[in-house]
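Have the viewer open and follow along.

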Amino acid sequence: MRQEWSEAWRELVATARRTVADGLVVGTSGNVSVRVGNAVLVTPSGVPYDRLGTHQMCAVDLAGRRLAGDLTPTSELPMHLAVYAATSARAVVHTHAVHATAVSTLVDELPAVHYMTAALGGPVRVAPYATYGSDELARHALAALRDRTGCLLRNHGTLVHGQTLDQAHDRTAQLEWMCRVWLAAAAVPGRTPALLPLEELDRVADKLRGYGQPPGGPDNPT
C-alpha cells in the first residue's frame, strides 16, 4: 500500500505544480488531493508547490486523522473529505483561478456559453460564500456539486473532482476557460451572449461518453 501511496503522491505533486504552470494557482492559493483506498493524500498548508518534494507526503484517513507525514494538511481538508464522502471522486482540485473567481462574484450559475458545460454535468452552480476551511463551506460546495463534477465558490474560486488527477485538473482548466469566454462575451456593449439549451447539453453529454480513442488506443482509431 505504501508503494501505491508513493506513486500517487508523485502524481499529486506533479498535478499541483501543473496548476501553477497553467495559471490556475498563484503561490499557495489552492490545493489538490487524491484518494487511495481509505486514505487521502493532500497538499499541505502553506507550502509552495515548487518546494513540495516527493518525500513530504501528507496523508489522512477519511475522517481526517493523520496517517503519514509531519506537515499540516491544507485548511480546505473538510471540503475535500466531504467530496469523497458524498461522491465517487478519486481526485479533487481546488483553485483560486482568476476568471472563475471573477464569475463567482457576478452570477449564481455560469451561463451555458459552450457545449463543454456538459463535461461538468451541466450548468455550473455557484456555492454561497462561507469562510475558507469551514464545515459550512464544505456543505455549500456539496450542494452546488449535486449531479455535477465542478462548481464555483462565491468570492473564492473553483472546486472540481474526477476519477483521476489528470481528469480533475483538466476539468478545472476547462471551467476556467468557460468562465473566461463568458466574461469576454458578456463584456461586449449592447450584446448578450447566446446560451445553449439544456436539451443540447444532454445531447453533448451523450456524445462525450464515447469521446476519444477506443480501448485499443490510437492504433485502432474509429
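First, what you are looking at is a predicted model. The average pLDDT of the chain is 93, and 94% of the residues score at least 70. Residues 218-222 are another matter, with a pLDDT below 50. In the model this stretch has 5 contacts beyond near neighbours in sequence. Where pLDDT is low, the predicted coordinates should not be read in detail.

Now turn to strand E1, which spans residues 30-36 and contains Arg35. Looking past neighbours within four places in sequence, you will find Arg35 in contact with Val40, Leu62, Tyr84, Ala89 and Arg90.

Next, find strand E7, residues 150-153. In a regular strand the side chains alternate between the two faces of the sheet. On one side of E7 are Gly150 and Leu152, on the other Cys151 and Leu153, and all of these are buried, leaving both faces covered. Strand E6, made up of residues 126-127, runs parallel to E7 and is joined to it by 2 bridges. Within this pairing, Ala127 stands opposite Leu153.

Back to charges: the structure holds 8 salt bridges. One of them links Arg65 to Asp61, with 2.9 Å between the closest N and O atoms. Are these two partners buried or exposed? Arg65 has a relative accessible area of 55%, so it is exposed, whereas Asp61 counts as buried because its relative accessibility is 12%, under the 20% cut-off. Another salt bridge brings together the side chains of Arg146 and Asp147, at 3.8 Å from N to O; here both residues are exposed.

In helix H6, residues 198-209, Arg203 and Glu200 lie 3 residues apart, about one turn of the helix. Their side chains meet in a salt bridge with an N to O distance of 2.9 Å. Arg203 counts as partly exposed at 48% relative accessibility, and Glu200 is also partly exposed, at 25%. Finally, look for Arg18, Asp22, Asp166 and Asp170, which salt bridges with shared partners join into one network.

How values were computed:
Residues numbered from 1 in each chain as written. Predicted model: local features only at pLDDT ≥ 70, side-chain atom pairs only at ≥ 80, totals over all residues. Heavy atoms only, no water. pLDDT = per-residue confidence, 0-100. Contact = heavy atoms within 4.5 Å. Helix = DSSP H or I, 4+ residues; strand = E, 2+ residues; numbered from the N terminus. Buried < 20%, exposed > 50% of the residue type's maximum accessible area, 1.4 Å probe, protein only. Pairing = 2+ DSSP bridges. Salt bridge = Lys/Arg side-chain N within 4 Å of Asp/Glu carboxyl O.
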